[in-house]
Amino acid sequence: MTPIVSVNSLSVAYRSGGRDVPVVHEVTLEVAKGRTLALVGESGSGKSTVAATLLGHLRHGSRITGGSVHIKGSDVFALPARELRRLRGGMVAMVAQNAGHALTPSMRIGRQIAEAGGDIPVTDLLEQVRLPRPAELARRYPHELSGGQQQRVAIAMAIAARPDVLVLDEPTTGLDVVTQRGVLDLISGLRDELGLAAVLVSHDLGVVAHLADEVTVLRSGRIVESAPTRTLFATPQDPYTRKLLASVPRLDDAGLALVGEAGEREVRPRAQVPANAPVAVSARDVTVDYGSSRAVHGVSFDVRRGEVLALVGESGSGKSTLAWTLAGLRTPSGGTLIHESGDLARPAERRPLSLRCRVQLVFQNADTSLNPRRSVGDAVRRPLQLFGTVTSPAEAAGRARKLISDVRLDPALADRLPAQLSGGQRQRIGIARALAGEPDVLIADEITTALDVSVQAEVLRLLDDLRRERDLACLFISHDLAVVRGIADRVAVLRHGVVVEEGPTEAVFASPGHPYTRQLMAAALEPDPDALPPGDDVTGWADAAEPDDLWTNHGNGHRVRRWRPALLEGNP
Amino acid sequence: MTTLDTAPVAAPAAAPARAVRVWRTLRSSRAAVIGLSVVAVHVLIALLAPLLTTYDPIANSADEALLGPSRQHWAGTDQYGRDVLARVLYGGRYALGVSVTATLLTVALGTVIGCAAALRGGRFDDVLGRILDAVLSVPAILTLLVVVTALGTGPSVIVLAIAVVYVPQVVRVVRGAALAVVPQDYVTAARARGEGTWAILRREILPNITDVVCVEFAMRASWVVLLISSLSFLGFGADPPTPDWGLMVAENRTAITVVPMASLAPIIALATLVVGLNLAADGLSKAWGVDRIREGS
């Protein structure tokens, strides 16, 4: 069978400072009807550039320096403008990463889909992407939909004109695990139903293992390895692929995996927290309100020195709100929040200096958490001066260099601006800045979410090293269960601002007691094409906690909020 | 130790690199270069006026009144026999001095208030917004006249009057720019450190809106120059016999058929300065806009 998509030794370069910088170098690939090819690589590998060429699109300033792209036999970059327009949408359609940005905010869903062309009624399309009550939904505006629903609408637009090729550029990045699972199932269903050829761009090997038939690994614009999915995951040939695969945290790792240059994997056992470790932060029945809505509803936990407590949940579960409250950016409306040296229930500016410097926050997105106009050295020096830990500028500079080397960076980077650093380096600077106050509590708010998988592994390892060296109590906020499994000593699962299950990591992962925890685990994607979703199908459930009887104890600190199967309701 | 030794060398290297980048950005916009040169020439002339002409701009000389352009008086003389060119050259001092002071004060006040409004938000922002709306709803020239009639003339009163008129507009623009910076995580990080409003404003917000403030400065300056000259023309600005362009036009417009240069020369001076400032503002905003896109990619 002849392939629908064929890319022949394609090279792309963009002009910068008067010379050509190659971004894609002699990439060759083919996709047949009904097959899915995944382009895998870290940021800057040129995977999105290759995917965009299938639609005849190049970023401004880029040009083809060699090779060709053929869709159904016609050369995309030789097509006249009118033909190219017919190709886009009609033959090749794209689903972009962030559907929230891809939809026009001032236009109703129905009209936007109708604009995409094709003869299929809008309601049929919405039904096809499994959205409930399509007729009503078509009259809504994009902001009235959830992220998952927006992505489904974007998919409906892409398939409206019945294209032959679907280009999926990180289609589920930024979605919650459960939502992601649903969207991926939808995509694979549609692909089989409509016989589409799909090109999937992703950095998430779990998604790739789940969806792709073949995988092409890119690095700095070159193909490193290309193989059928099963072969690639089972016997990766190239050291880079091996390292990439090894860097992905697994749900069954009993500790943090340390990955060598050639991809050998060694799981480091978790640090033992001594039984008599002092409690650094203690929260009792904390509630936080946003106006009239309650984001956190009576959460209690203790974090001891040297211990990592993970708060896990989907977006809207209140986990970030809790982190910000701890950091003094929100005021709790009820309950107590106590650090060994003072009350944390007050906003940061009203906490005494001695308390303020001991609870520090690391942000999710290091790109925006560093001032672009100030050198990274300055970012680290500022808290040193503010917290009065140094007396002279020279001492501040010295301490800042020490901190920068503590996070395993070259101190010479201190004079650079954040834009001159890579994402991983910036996140390390974010950690160095938090360490400047000599904290004993470190709050890590999704700190690895925006990072590539190999960088993520390095940052996690750094965090693990630091808490051993400095005896830090660490509150690790994440939606990624596999990451949590590797680094956390204890886990608390949050849902709608309520803890539904908590306990030692081993116990919770070995026997999740709450249906919501099981649902989260089932939705997590392992980088293994043969992985079966663990556990049985989650059926409906209802909260059954009574004010004086909240928990079912499973021993050893593992407890589950009371619940009952929802099916029993009404028919005894 | 080697890494520690190399670092101090890199630090001074970073500063010129920044200056070079700013210069390159400026040079990329022809409008900015022309505009800034025109303004620079005006400043030079105002500073060097005593060297450029030997005439006293104030001394009357009855027997040399209303002369046309000649070898002695290149732009002729006015009704009191004063050399027009000397008065135009010296006139730049008043115009530039008062407008630069007024613009500096206006932009500084506006920037601080605008940033504070964006940063504090809430009631402070709401109340301030309504007050500014009230001030903005009164025509500028009316406010000016009220202030000047109430407090008398003189450079300091003019500066104050200009500030009252233009601060609200600067606040609006700066607040808009600062609002884009305030939700950034680095501002949140500063809040989590417990920094004060002033420290956050100076360290985190101001460096990220300098482009907006600079463009605002250049743009306001041209309007302020015009406004001050209008005031002088109406008789509320500079007191005679101060050499001032607006005042000169007012004094000599009755004799415009006899000595047209006496009115035209100050008008030309005023026009070139305003055009120069406008070009500079335009060019700067474009150059910085382009710079921003480049940094983003």
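How many residues does the contact take from chain B and from chain A? The contact takes 21 residues from chain B and 26 residues from chain A, where two residues are in contact if their C-beta atoms, placed from the backbone, lie within 7 Å. The model is a predicted one, in which local features need pLDDT of at least 70, side-chain atom pairs count only at pLDDT 80 or more, and totals for chains, interfaces and linings use all residues. Residues are numbered from 1 along each chain as its sequence is written, while chains are lettered from A and ligands numbered from 1 in the order in which they are written.

On the side of chain B that touches chain A, helix H1 (2-27) and helix H7 (185-192) of chain B each supply at least two residues. Helices (H or I, at least four residues) and strands (E, at least two) are DSSP runs, numbered from the N terminus. H1(B) gives the most to this side, with seven residues. By type, the residues of the side of chain B that touches chain A are nine nonpolar, six polar and six charged; Ala, Val, Leu, Ile, Met, Phe, Trp, Tyr, Cys and Pro count as nonpolar, Asp, Glu, Lys and Arg as charged, and the others, Gly among them, as polar.

Chain B itself has eleven helices and zero strands. Its C-alpha atoms fill a box of roughly 80 × 50 × 30 Å, taken along the principal axes. Of the 297 residues of chain B, 40% count as buried, meaning that 20 or more other C-beta atoms, placed from the backbone, lie within 10 Å of a residue's own. Helix H10 (residues 245-252) of chain B is largely enclosed by the rest of the structure, because seven of its eight residues are buried. Among them are Trp245(B), Leu247(B) and Glu251(B).

The largest nonpolar core, with 245 residues, is a set of buried Ala, Val, Leu, Ile, Met, Phe, Trp, Tyr and Cys residues joined through C-beta atoms within 7 Å. Helix H3 (residues 84-120) of chain B provides the largest share of this core, 16 residues. The residues with the most contacts inside the core are Val165(A), Val199(A), Leu475(A) and Phe476(A). Not counting residues up to four places away in sequence, Val165(A) touches Ile4(A), Val5(A), Leu54(A), Ile71(A), Met91(A), Val92(A), Leu196(A), Ala197(A) and Val199(A).

Note on methods. Buried ≥ 20, exposed ≤ 12 C-beta atoms within 10 Å, placed from the backbone.
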